[in-house]
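Subject: Handover of the structure

Dear colleague,

Please read them with the structure open beside you.

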Amino acid sequence: MRYAMAIDTKKCVGCSDCVVACQTENNVPIGYCRDWVVEVTDGTYPQLELEIRSERCNHCSNAPCVRCCPTGASHYAEGGIVLVTANKCIGCGACIASCPYDARFPHPDGHVDKCTYCNHRLLEGLKPACVSVCPTKCMYFGDLDDPNSEVSRIIKKRKWKTLIPEAGTSPELYFLI
Amino acid sequence: MATRRDFIKVSAIGVGGLALAGSSYGLLKKVIPAVKGNEKAQKVIPTRTPTYCEICFWKCAAWVHTNDEGKITKIIGHDSDPHCNGRLCPRGTGGVGMYYDDERLKTPLIRTEERGLQVFREATWDEAFEYIAGKMKKIAVEHGPECVALFTHGSGGAYFGHMLKAYGSDNIGAPSFAQCRGPREVAFQSTFGDLVMSPERTDIRDTRCLVLIGSHIGENMHNGQVQEMSDAIDKGATIITVDPRFSTAASKSKYWLPIKPATDIALLLAWIHEIIYNEWYDKKYVEKHTYGFDQLKEHVKDMTPQWAYGITGIDPNVIYETAREMANASPAVIVHPGRHVTWYGDDTQRLRAIAILNALLGSWGRRGGFYFPEKVDVPKFNHPPYPKPKRNWRDAFPGMYNLAEEVIASGICDATIPVPERECAFKGWIVYGTNLIFTLPDQQKTIKAIQNLDLMVAVDTMPMEITGWADVILPECTYLERYDEIRVSPHREPYIALRMPATEPLYNTKPAWWMAKELGKKLGLADFFPFETIEEQLDWQLKQMGTSLDEMKKLGVKKYERAADDLYLDENEPFEFNTNTGKIELFSTAILAEGFDPMPKYTHHEEPPEGFYRLNYGRAPMHTFSRTANNPNLTDLMDENTLWVNPKVAKLWDLKNDQYVKLKNQDGFVSHTSIKVRVTERIRWDSVYMVHGFGHRQPQMKRSYFRGASDADLITRVHVDPIMGGTGMRGNFVTFVTENLEA
Ligand code: SF4
Ligand code: SF4
Ligand code: SF4
C-alpha cells in the first residue's frame, strides 16, 4: 500500500477551504496550519497564467525528516504515511530544518506537527478532511499500488509534476497540470 | 522571507516559483509535556445537529458536530443537500469561528451619549424592548407606523419583517436588491417574465459553454456554482471570461477577454450582432418564443466586432470566435447574469443584453442553460390581518422605479433625509444583520439619514460600524445557537432544510424569533404571535409538509418531488411567458412603457482623470462582505485586503509590494485606513482592485480593526439606474496617498 494525493491545479480556486477544514478536523490551533495555498502568476498582462496549489507534507518515500529524527518520533506508518509520535518528539526541530517543503511546524503543545493524511479518518474508511471538503473536488486520494484507485487512474490520465523533485525525496503529492 | 505563518494565507508569488529558505521558527520549546497523540483514531462518537449555514445567502445545509462536552468542533456539509453536496465552502467550514469569536455582542445595549459616539450602557432585554416599543408607539402616533423601516439581510430578518407588518409598515428592504442583484432580476423579468433567483437557476453542471461577464466565480464562493463550474471544467466545457482583471475564473478559461472597464454593453451588442448576422441563433426557438427579433436585428445592424473593438479593446476576431463558441454550444450555453451587478447605472440595460443573448442562443429553459426551478411553500399560520399601510417608500419616488419589485434600501435611506416636498420622512430604522455603513454607497449620506431618526435599532451578532450608530443594540446569538425559519429555496428539485441550535446561546444573546415576539408583545401585537415557542411553530408547519420537527432533526434536509416534469421547456408544447406579449421580449414592451430604451444601447462612461484609476472591488472566497472580517478562523486565512496595482502603475508611482498606501477619490475623500499594495500583472493599468469588506474601524473588533481598507469609504459617486433605482458603484476613481498615513 502506498498512499498518495493528487491535486488538480486546473480546478483548484485557491479558496483555502482545505486549510480551515484541516484546522477544524485536526484541532490545529489558530495561527498554524498543516496545509496552505500557493498561487504562482506567470507572464505579463494580458498574456498570463496562474497556477494554484494546495500544498502540504509530501509524505516522501525518501523522507529526510524521518532519517534525521533522533528519537524515532518521525516514522513511516502503513501506506508510507509520514507521522510524528507526539510523545516521542523532543521538539528539537531537526526535521523542520530538513524538510525542503517547510511542511512541519512546532505545535504550541511542544511537539512538531504536520499533515497526517488524516490517518485517523483513513482508519475509519473516510477520505482526508481536505479532500472531502474541497468544493471543486480537485483532490484525489488513494493507494498508488492499486491501479484502480482514483489517484492511480488520474495520474495515468493526466500530466503531473511533483515539487522540488531535485531534492531527491520522492514525494507522494502530485500536482495535475 | 516568507514565514510559515504567512502560508496560512494564500501566498501569492510572482514568476519564479516558491523559494523557501528553511523555516522561520528557530526556537522550539524544549520541554515536551505528555500530549495527545494526534495520529490515534479518535473514538469519540460526536453528536451532530442539523443547520443551514448563515455565513452567506447560499444557505448550505450542514451538520454541526459537538464533542462529549457539548462543544462545537466542526461543521460539515450535508451530503443530500443540492446547495453544497456535502462540501461547505471555507466560510461555512470556518463558521465555528463566528460562535467562538469572543468579541461578539454579548448583551443588549442602550445609547447614553450622542448618537454615533458609541457610548452605551448594558441593559436587560426588557429595558431594551421597553425603550424600542416606547419610541415605535410615539412614531406611530406622530407620523404613522409607515415611517419605520426594516433593513434586513439574513434569516432572522423574517421575524422582524412579520413584526413590522403587524405594526403597520411594509418598508422592508434588503441591500441585496438595489445594491446588488436587482438589475438582473428586473432585466430577466422583462425579458423572460421570470427571475434569475437565488441560488441561480443556471444549469452549469451540464453546460458546454459558460460566459462570465465580470463574474468571478471561485472568488465569489457561491458554493453550488463553484462546484458545478468545476464539474463543467471536468467535462471540457468552454469558459469565456470577460474581466479587466485576470480573475481566478479567467485563469481557468479558454478565452479571457481583458476588456476596458465600463464597456461591456458594446461587447454584448457585438456578440448579438454576430449571432444574428451569421445566423447562428436558435431559429426554431427564436421564432416560436421571442418577440421583437426584427427590431433587434435592425437595432444592432452597425454594432460589428470592429465597432466594438474601438470601444472595448477586444480583438474583433476574438469577438467573432467567442460568439461562434457560444453558438456551437447552443442551447447548452450560459451567458451568466452575475450577482453583484450594480456597476455603472445602465446595469438593467447591460443585463438585458445578457438576457437577449441567452434568448438568441435558446438557453432559457434548456439543459445546460437555465432550468425552471421549483420550491415548496411553508404554510402560513393564522394571525389577524396586517394593517394596510397608508403609504410606503414608493411615495418618495413618484412615478419612478416601477419595475423594481423589491424595496430599494438606498431609497429608504434617501427618504429619511427630510425635504420640503416630501410628506413623510422615515423616523425609525431597524437594521438586521447588515452593516449599512459598508453596504450602502455614500457613507456621509447614510450617516446624515441616521442623524435624522427618532429611533435606530441594530440587531447583529458583532459590534459592526452600523451598531455604533444605534440607540439600542440587540445581540443576536449565532446561527449555531438558534432555530430559524425552514429553508425553502428554488432548485432543480424542491428541498427543505432545518436549522436548530447545536448548543445553548453564549452570553446574553437571543434568537431573532424571540426578540420579534417579545417586542411584538410590548407593542400590543401578541395576537400576531400565536405560538409559545418556535419549536411549536416549526412542528406545526412541518407536519403540514408531511414531516415533523422530530423527523427533520434526524434528516436535516428533505427532498420533495417536482409537481410536474418541467425542469426544461417542452419543445413540443406551446409556452406562455409572463411578459406583456407572452413571449420572450427581445424588444421590451415593459421597459418602453416606463419611458426607457426597449433595446439596450451602449453609452460611454466617464473615464479616470489623469493620475486616477478606476476603483474595482470584488470578493475573496474566505469572506462574506464585511461581516466575517473578525471571524478568528477566517481571519487566519485572510486578515486584510490588498490593493492590486499593475507593475507599470507601480513604477510610475514608485510603489513597492507590501507598502501601505491610502486612496483618495475624485471627490477628495481619503480612505480612513491604509491598504497594502500588491503589485501584480493580473490587473489592468487603468484600474485598481480590492476585496470588499475590510478596513473596519470598530475598536471592539480587534482582529479586523484597521486591517486593510474599505472600498465603501471611496464610493461617494453613485450612478443610479433610472429603471430600477440600483446604485451603480463602479464609477469612482482613486489615486494614491503615500504621505501621512497614520491617523
Ligand atoms: S479547498 Fe480545493 S479549491 Fe479550495 S484551495 Fe483547497 S484544494 Fe483548492
Ligand atoms: S490530509 Fe488531513 S492532515 Fe493532511 S492537510 Fe489534509 S486535512 Fe490536513
Ligand atoms: S456558500 Fe459557504 S458561506 Fe455560503 S452558505 Fe454555503 S457554506 Fe455557508
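This is a predicted model: local features need pLDDT of at least 70, side-chain atom pairs count only at pLDDT 80 or more; totals for chains, interfaces and linings use all residues.

Residues are numbered from 1 along each chain as its sequence is written, chains are lettered from A and ligands numbered from 1 in the order in which they are written, and side-chain values use heavy atoms, with hydrogens and water left out.

To return to strand 3 of chain B, both of its faces are covered, with Ala61(B), Trp63(B) and His65(B) buried on one side and Ala62(B), Val64(B) and Thr66(B) buried on the other. Strands (E, at least two residues) and helices (H or I, at least four) are DSSP runs numbered from the N terminus, and two strands pair if DSSP finds at least two bridges between them. Strand 3 of chain B pairs in the antiparallel sense with strand 2 (residues 47–52) of chain B over six bridges, and Thr49(B) stands opposite Val64(B) there. Five bridges join strand 3 to strand 4 (residues 72–77) of chain B, again antiparallel, with His65(B) opposite Lys74(B). The hairpin of strands 3 and 4 of chain B has five residues between the strands, and in it Gly70(B) takes a positive phi near 80°.

Elsewhere in chain B, four strands form an open, parallel sheet in the order 11-10-9-13. Strand 11 (255–257) and strand 13 (333–336) stand at its edges with a single partner strand each, so one side of each is left without a neighbour in the sheet. Strand 9 (residues 209–213) of chain B is joined to strand 13 by four bridges, and Leu210(B) stands opposite Ile334(B).

The largest nonpolar core has 72 residues, and Trp271(B), Ile272(B) and Leu296(B) are among those with the most contacts inside it; such a core is a set of buried Ala, Val, Leu, Ile, Met, Phe, Trp, Tyr and Cys residues joined through side-chain atoms within 4.5 Å. Helix 8 (residues 264–277) of chain B gives the largest share of this core, nine residues. Apart from it lies another core, of 59 residues, which includes Cys12(A) and Tyr101(A).

Finally, the ligands. Of the 14 residues around ligand 1, Cys12(A), Cys15(A), Cys18(A), Cys134(A) and Met139(A) come nearest, where a residue is near a molecule if one of its heavy atoms lies within 4 Å of it. Among the residues around ligand 2 are Cys22(A), Arg34(A) and Tyr117(A), and helix 1 (17–26) and helix 5 (129–133) of chain A are the elements that give two or more residues to that shell. Ligand 3 is surrounded by residues including Cys53(B), Trp58(B) and Met221(B).

Best regards

Technical notes:
Buried means under 20% relative accessible area, exposed over 50%, partly exposed in between (1.4 Å probe, protein chains only).
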